[in-house]
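Student: Please take a close look at one part of what is shown here. Then connect that part with the rest, and give the cut-off behind each term you use.

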Amino acid sequence: MATDSIRPAAVAGSWYPASAGALAREVDTYLADAASVALPVGRVDAVIAPHAGLLFSGPVGACAYRAAAAGAPYDAAVLVGPSHFVGFEGVAVYPSGAFATPLGAVEIDRVLATELMDASPMVHVRPEAHRREHSLEMQLPFMRRLLPDVPIVPLLMGDQTTATIRALAQALATAGAGRRLLFVASTDLSHYFEAVTAERLDAQVRERVAAFDAEGLLALFERAPAAERGRYVACGGGPTIAVMLGAQARGAHHGRVLRYMHSGEISGDTSGVVGYLAAALGTFTNAD
C-alpha cells in the first residue's frame with residue numbers, strides 16, 4: 001500500500017457527528033462531565049476505553065482520555081481493538097499514512113508500526129480489516145481533542161487466541177524501546193444481557209483490571225466458550241489482556257477503574273445492555 005494512504009472515516013455521521021463543530025462540542029461536553037472523576041497521579045502507560053456509538057460510549061471514554069492526557073506527553077499511541085467484520089489470524093496493522101476524522105487526520109507512526117511487525121510475525125499488514133472497523137475509529141475524536149500531536153499505530157486483533165494475545169503482548173513490550181508510548185485497549189464488556197446479569201459479569205472484569213491481574217483476566221476469558229467470549233466477557237478481551245501484559249512488561253504496576261456504565265443507563269432499556277469501562281494502567285502514587 002502507498003505510504004501516504006489515508007483511511008477514510010467509516011462511521012462519521014452515524015456513530016458520531018460528521019461535522020467538526022458538532023463533534024468537538026459533543027466530545028468537550030463529555031470531557032467536562034468527566035472532570036469530577038478522580039484521576040490517578042503518576043505515570044500512565046495505558047488506558048481501556050469503549051467503542052460504542054459516541055452517545056453511549058462518550059461519557060465513559062472521556063474518563064479514560066482525561067487520564068491519558070494527564071499522563072502526557074507521549075511519543076506515540078498504539079491503539080488495539082477487536083476486528084468485528086473481518087476474520088483472520090494474528091494482528092492487522094495499518095502501517096502508514098493517516099486515519100481521517102472530522103477533526104483532522106491522525107498520522108500513523110510508520111517506524112513504530114514496522115518495529116511491531118519486526119517484533120512478532122503475528123503482526124502483519126492487512127489494511128482491508130480496517131476499512132469498516134469502528135473499534136479504533138471511535139478512539140480518535142478524543143485523541144484529536146486531547147492528544148492532537150500524538151501519532152498512532154492502529155492494530156486490530158483477529159482470532160483472539162491465547163497465542164495471539166501473548167505474541168502481541170511481547171511485541172508491545174519490546175517495540176519502541178526508549179520511547180514514551182501510550183497503549184489504548186478498545187473494548188466493550190458484556191453484550192445484550194439483562195442489566196443485573198451484565199453488571200455481575202462486568203464486575204469480574206472490573207475486579208481484574210483494578211487488581212492489574214492480566215493473567216486472571218486471561219483465565220476468565222478462556223473459561224468462556226470461544227464463540228461467546230465477546231458476549232460474556234468483552235469483545236476486545238484479547239486486545240485488553242495484551243495491552244495489560246505489555247504495559248506490565250514495560251514497568252506498569254497499577255490498575256485504576258475510572259468509570260463503569262451500561263447502555264441501559266443511557267437508553268432506559270435494561271432488558272439487554274452493553275457494558276462500558278474506562279480504566280488507566282501505570283504506576284500511580286495514589287494507588288488504591
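Tutor: A residue counts as buried when its relative accessible area is under 20%, as exposed when that area is over 50%, and as partly exposed in between, using a 1.4 Å probe and protein chains only. The model is a predicted one, in which local features need pLDDT of at least 70 and side-chain atom pairs count only at pLDDT 80 or more, while totals for chains, interfaces and linings use all residues. Numbering runs from 1 along each chain as its sequence is written, and side-chain values use heavy atoms, with hydrogens and water left out.

The part to examine is helix α1, residues 20-33. Helices (H or I, at least four residues) and strands (E, at least two) are DSSP runs, numbered from the N terminus. With 14 residues, α1 reaches 20 Å from its first C-alpha to its last, close to the 20 Å expected at 1.5 Å a residue; the expected span is 1.5 Å times one less than the number of residues.

Which residues of α1 are buried? They are Leu23, Ala24, Val27, Tyr30 and Leu31. These residues cover an arc of only 130 degrees around the axis, so they lie on the same side of α1. That arc is taken from the directions from the helix axis to the C-beta atoms. Arg25, Ala32 and Asp33 are exposed on the other side of α1. The cover over the buried residues of α1 includes α2 (54-70) and α4 (140-146), where contact means heavy atoms within 4.5 Å.

Both covering helices lead on to other sites. The loop between α2 and β3 (76-82) holds Pro73, and a cis peptide bond with omega of about 15 degrees joins Ala72 to Pro73. Most peptide bonds are trans, and most residues other than glycine have a negative phi.

Ser135 counts as buried because its relative accessibility is 0%. Not counting residues up to four places away in sequence, Ser135 touches His51, Gly81, Pro82, His84, Leu156 and Ser186. Pro148 sits in the loop between α4 and β8 (152-157) and is partly exposed, at 37% relative accessible area. The C-alpha atoms of Pro148 and Val106 are separated by 7.7 Å, although the two are 42 residues apart along the chain.

Two further residues have a positive phi without being glycine. Tyr192, in strand β10 (residues 191-193), has phi near 70 degrees and is exposed at 58% relative accessibility. Phe212, in the loop between α6 (195-210) and α7 (214-223), has phi of about 50 degrees and is buried, with a relative accessible area of 6%.

As for the setting, the chain has ten helices and twelve strands. Its radius of gyration is 17 Å, close to the 19 Å that the globule rule gives for 288 residues, so the chain is as compact as a globular protein of that length. The radius is taken over C-alpha atoms, and the rule is 2.2 Å times the number of residues to the power 0.38. Of the 288 residues, 57% count as buried. Among contacts between residues at least 6 apart in sequence, 83% join residues at least 24 apart.
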